Amino acid sequence: MIGINLSPKIGRNEPCPCGSGLKFKKCCLGKKEGIPVKEYYYNKYRIQLKEKNDIEGIRNAGRLVVETLDLVESAIKPGLTTEAINTLVHDFTIQNNATPAPLNYKGFPKSVCVSVNEVICHGIPAERVLLSGDIVNVDVTSIRDGYYADANKSFFVGTPGNDAQKIVSVARECLKRAMEMVSPGNTIGDIGWAIQDYAESNSCSVVREFVGHGVGFDFHEAPQVPHYGKRGDGIVLVPGMVFTIEPMINLGKKELKVLQDNWTAVTRDGSLSAQFEQTILVTEDGCESLTPYPL
């Protein structure tokens, strides 16, 4: 097990983060090998670091998520309904011996989130017809052999206009730059800073109300991963952390409103919004996407 000397960051009389119930000075303070990282991160942050077998399970679920997104991409065209996308995702997931995580999650009625144009996230599939020039985000989370993986992509429908091209390009680059910040010793604040810096430098805005999150054993785990922030702030990244990065980027202002269905979040000013998401593993020397697709 990896160990880390965290002694300078813990008060002598604080509870020891190893979970023994003793004060730090009576427990791990003098141990040369330091406190095991896995125990420390769970006790302090409730972050569950993943072992080799867990990572392979999440990677296996991630392969299905990417295959599902590829299938959706091949079907996207003007005239398709968002309900048809839901049917496609649901059936493909079941055929591959997996479960669509969104279905009945806290009352969500469908198997996938489909968000069109001004919809930031959590769009409920229905009879909305896709039109040429639309952008549509499809957010897939699959449970396979007990493990969760989560990813989304924004697609063009037909021929996109200039605004659609810009917001999709900025959102894609935000995720790419965020992933480049994922490495042991960097922080969650570094990830948010990279996204915010690029989005705002391109006159776009970053949604605050929704964040990335730990994933793997459950749909949503610790830590939260904001898409804005300051370099050096927040939890230090260590190998074994698995979380999503999923920046929601608006062409206009960052403010949103949630519709009466209590799920669908839209831009308050009606501007376009786009998003890209992958499930990321912190490795010994950087990161690996467990839901890899080109950016």
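Strands β9 and β10 form a hairpin with 6 residues between them. The model described here is predicted. Beyond the hairpin, this briefing covers a helix pair, aromatic rings, charges over rings, and some backbone angles.

- Strand β9 covers residues 212-214 and strand β10 covers residues 221-225.
- The two strands run antiparallel to each other and are paired over 3 bridges.
- Across the pairing, Gly 212 faces Val 225 of β10.
- In the turn of the hairpin, Gly 216 has a positive phi of about 140 degrees.
- Strand β10 is also the place of Pro 223, and a cis peptide bond with an omega of about 5 degrees joins this proline to Ala 222.

**Helices α2 and α3**

- Two packed helices are described by the angle between their axes and the distance between the axes.
- Helix α2 spans residues 52-75 and helix α3 spans residues 82-95.
- Their axes come within 10 Å and cross at roughly 145 degrees, and the crossing of α2 and α3 is right-handed.
- On the α2 side, the residues in contact are Leu 64, Glu 67, Thr 68, Leu 71, Val 72 and Ala 75.
- They meet Ile 85, Leu 88, Val 89 and Phe 92 in α3.

**Aromatic pairs**

- A pair of aromatic rings is described by the distance of the centres and the angle of the planes.
- The structure contains 7 aromatic pairs.
- In one of them, the ring centres of Tyr 40 and Tyr 45 are 6.2 Å apart and the planes stand at 85 degrees, so this pair is edge-to-face.
- Tyr 40 is buried at 4% relative accessible area, whereas Tyr 45 is partly exposed at 26%.
- The rings of Phe 108 and Trp 263 also form an edge-to-face pair, because their planes are at 85 degrees, with the centres 5.1 Å apart.
- Phe 108 lies in the loop between β3 (99-100) and β4 (113-116), and Trp 263 lies in the loop between β13 (256-258) and β14 (265-267), so their pairing ties together parts that are 155 residues apart in sequence.
- Phe 108 has a relative accessible area of 2% and is therefore buried, as the cut-off for this class is under 20%.
- Tyr 40, Tyr 41 and Tyr 45 are linked into a cluster by ring pairs.

**Charges over rings**

- Arg 46 lies over the face of Tyr 42, at 4.6 Å from the ring centre.
- The ring of Trp 193 has the charged end of Arg 231 over it, 4.5 Å from the ring's centre.

**Backbone angles**

- Most residues other than glycine have a negative phi, and most peptide bonds are trans.
- Arg 46 is not a glycine, yet its phi is positive, at about 65 degrees.
- This arginine belongs to the loop between α1 (37-45) and α2.
- With a relative accessible area of 45%, Arg 46 is partly exposed.
- Asn 117, likewise not a glycine, has a positive phi of about 55 degrees.
- Asn 117 is found in the loop between β4 and β5 (119-121).
- The relative accessible area of Asn 117 is 12%, so this residue counts as buried.

Methods
Residues numbered from 1 in each chain as written. Predicted model: local features only at pLDDT ≥ 70, side-chain atom pairs only at ≥ 80, totals over all residues. Heavy atoms only, no water. Pairing = 2+ DSSP bridges. Helix = DSSP H or I, 4+ residues; strand = E, 2+ residues; numbered from the N terminus. Phe/Tyr/Trp six-rings, centres within 6.5 Å; stacked < 30°, edge-to-face > 60°. Buried < 20%, exposed > 50% of the residue type's maximum accessible area, 1.4 Å probe, protein only. Lys NZ or Arg CZ within 6 Å of the ring centre and 35° of its normal. Axes fitted to C-alpha atoms, helices over the stretch in contact; angles between N-to-C directions. Left-handed = near helix turned anticlockwise from the far one by under 90°. Contact = heavy atoms within 4.5 Å.
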